[in-house]
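Here is a short briefing on one chain. Topics run from the overall fold to single residues.

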Amino acid sequence: MRNLVLFTLCFWWSYARQSETPYKRRMQFKELPPIFLNEQVGTSVTLNCPVKPSVVRMYRYLRRIKSGNELQRARRQMRNVLGVRYKWYKDGEPIRHHRSAWFMKLQAVHIEDAGKYTCEVAMPKHGTSRNFVLKVFKQLRSGRPILDSKSKNISLRVGESTTLRCISRNTRHRPQVSWLKWNKPNELNRLGNLEFTQNDMNLHTLSKQGKAYELIDPKRNGEASSVRARIQGGKKVKSYEFRLTLDNVQEEDSGVYVCLVRNKYGTDYRKSFVQVKSMKGLAPYPTNEKLRRSFMAFPAFSTARLKCYVTGDKPLTYQWYKNGKKFTHRRLSRRMNSTTSTLRIRNLLTSDSGLYTCRVSNPYGVHEHNITLKILQRIRSAPILLKNYAKNVTSSWGKTVMFECIELISNPMPDYRWYRWHSVPATYPKLDFRNTSQFTEIDPIHYTPMQVKVGSNNRYGGKLTINNITEDDAGLYSCVLRNQFGMDYASAFLHWKSNEGPKFLSTVHRPTLIKIPQTAPLRLDCDATGDPKPNIIWSRNGQPLTKTRGMTVSNYTLTLNELLPQHSGNYTCHVKNKWGSINHTFDVGIKEWLFTRPIILPMETKVLKSGGEYELKCTIVSSGPLTPSMIKNLGTNLEGSESLTSKAKLVKLDKHVYEYIYVIQNATNKDSGNYSCVARNAIGESQRKFQIKVEA
């Protein structure tokens, strides 16, 4: 074992020595062609080492997810994993630069920054280097070309023509230009990620076959150029404009077109995305059939909106016509905007009635939709109230009540008033409002305007609110609407209901003495009613009940799921409101669990109604395996009996608690009689009898 450990250590030590040797000895670096840069004072320059694109992507990813010390630590870890080292030199002298930085950025360069920069990339098995010759001028009279135009997206139809333009500046002489087309249709959406390296921009490299792009023959595509002069800083500056004309385009002409300009100082390029669509487009067609209208009516002096629900391939052109003529003006408007999908007409007059046509067109077809508009002159009329308003209200002391009064028709707008009658007139429901001594007008501070939707129309009305009512507020209330053409009214009663204290529900069985085994769940019900709704407080042996594990209180019910003998005692529910209080006490005795024969809880006589469906439930407590059965006694002994076991089912409620259920469907007189619930286990047998009565 010792020899094996020594051998393993020696092997790893020799492997480590071999991996370190490339960095200890001076390796031979493969020199790449130099790059010459001419920059002006104050500009920024970035020098990039010859690094594999995969390594560059990894570094960029680190910069996105980390920063500061974490970024430097991650770079060191990545450098150790890949075994990559970078060294920078200026005029043969080492530059203090981070060893994991594969680029050098010079901000606001000066004359003294000019020189020969060298980047050496050392890897475990090989190395590469590249020289950058940087010249810095105070005023650069002629540098690399710079294109002004930005990337553009152009959409065309088959057979149309377009011209692509790019403008070059920052150069005295006309630069060389090349137009390229991207050849990967499945990567057209990568317009923003399309990049060219310095080697890709060489004319020799562009002419090679098999690239992702191809050169465009300027003679075949009609390339042209022109010289433009502009004023900059008081001096004329030349700029060159290059154009590429595409005539009679087809679908295969879709793609990314690149304008590449270069001179001896550098290169620049701009991209344009051209998409050619087929002429097989969608002509305008109607939508939203449910919202389309062929007839519309509006009252005079209101606003009408006529909508044209049509869609199709763009561009869509809209034009509205009235009675077959272009709708450009009307009596109250000298100019009308009739070239949109919605025609809006304000302050309608009777002269605006007519047949309106919406004409929608595009290069593939035309669609028309007609709407007949009718303007109705407002008719002066007395107010008319909506039926079933106001409604009678019954309430008790201290509550808040509301009466609503809804207007159906009225022109002009009516005046709302609410009255409270001292007593119900003998002529009710006909009322006379001329004798003001019989009623009292309610202060308008209690009125609230309201809006109600009746069918598809909105109706307006008033709401009367009475807060904290008393017995004196009971009586007859009337809502009266008046205008100069007449009046209408509606009445409703406020009935007084005396408050009542809490009462227990008579349908709930509340035993006083309860004896139950230790494992059976216990539910105590104190359901009660009252106005206002009463509150409930539980106590045990005269002390407030403290909620423990397995105890739940829901509304007026207390449930004990985990029973123990110490839970025995007197449980009292106190139910009260502001008008009184009641209570009920349950004497609960919890029997300690012993391994005995099954225990069947008592069952009461049940009275059923004929034709109904009912469940007969038999609750059984047993510590061992259980065999239940349900028997209907036909005579005085069990010999004359009918077994119902095959129609019953056993449901387990707890660890030792079961419920045996038999369902009576469509109860008749034949179902009346004496029933027995029988349960057996290994200790013995228990039986519980109960009676069922079916009434017509």
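A contact here means heavy atoms within 4.5 Å. Among contacts in the chain between residues at least 6 apart in sequence, 66% join residues at least 24 apart. This is a predicted model, where local features need pLDDT of at least 70, side-chain atom pairs count only at pLDDT 80 or more, and totals for chains, interfaces and linings use all residues. Residues are numbered from 1 along each chain as its sequence is written, and side-chain values use heavy atoms, with hydrogens and water left out.

**Overall make-up**

- The chain's secondary structure comes to five helices and 54 strands. These are DSSP runs numbered from the N terminus: helices are H or I with at least four residues, strands are E with at least two.
- Of the 696 residues, 40% count as buried. Buried means under 20% relative accessible area, exposed over 50%, and partly exposed in between (1.4 Å probe, protein chains only).
- The accessible surface of the chain is about 43,100 Å², and carbon and sulfur atoms hold 50% of it. Areas come from the Shrake-Rupley method with a 1.4 Å probe; for residues, only the protein chains shown count as cover.

**Nonpolar core**

- The largest nonpolar core has 21 residues. Such a core is a set of buried Ala, Val, Leu, Ile, Met, Phe, Trp, Tyr and Cys residues joined through side-chain atoms within 4.5 Å.
- Those with the most contacts inside this core are Cys618, Ile620, Tyr662, Ile664, Cys677, Phe690 and Ile692.
- Strands S48 (614-621), S52 (657-664), S53 (673-680) and S54 (685-695) each give two or more residues to the core. S52 gives the most, with four residues.
- Ile620 has contacts beyond four places in sequence that include Pro598, Ile599, Leu626, Tyr660, Cys677 and Ala679.

**A buried glutamate**

- Glu407 sits in strand S29 (residues 401-411). Glu407 has a relative accessible area of 10%, so it is buried.
- Not counting residues up to four places away in sequence, Glu407 touches Ile384, Leu385, Met413, Pro414, Tyr416, Arg459, Tyr460, Gly461 and Leu481.

**Salt bridges**

- The structure holds 11 salt bridges. Each is a side-chain nitrogen of Lys or Arg within 4 Å of a carboxyl oxygen of Asp or Glu.
- Arg359 pairs with Glu368 at 3.5 Å, N to O. Arg359 is partly exposed at 31%, and Glu368 is partly exposed at 49%.
- Asp432 pairs with Arg434, with the closest N and O atoms 3.0 Å apart. Asp432 is partly exposed at 33%, whereas Arg434 is exposed at 75%.
- Lys617 pairs with Glu615, with the closest N and O atoms 3.8 Å apart. Lys617 is partly exposed at 37%, and Glu615 is partly exposed at 41%.
- Arg165, Glu241 and Arg243 are linked in a network of salt bridges.

**Backbone features**

- The peptide bond from Lys314 to Pro315 is cis, with omega near 5 degrees. Pro315 lies in the loop between strands S21 (310-311) and S22 (317-322).
- Tyr428 and Pro429 are joined by a cis peptide bond, with omega about 15 degrees. Pro429 is in the loop between strands S30 (415-421) and S31 (439-441).
- Asn323 is a residue other than glycine with positive phi, near 55 degrees. Asn323 lies in the loop between S22 and strand S23 (325-326), and is exposed at 51%.
- Asn468 also has a positive phi, near 50 degrees. Asn468 is in the loop between strands S33 (457-466) and S34 (475-483), and is partly exposed at 48%.
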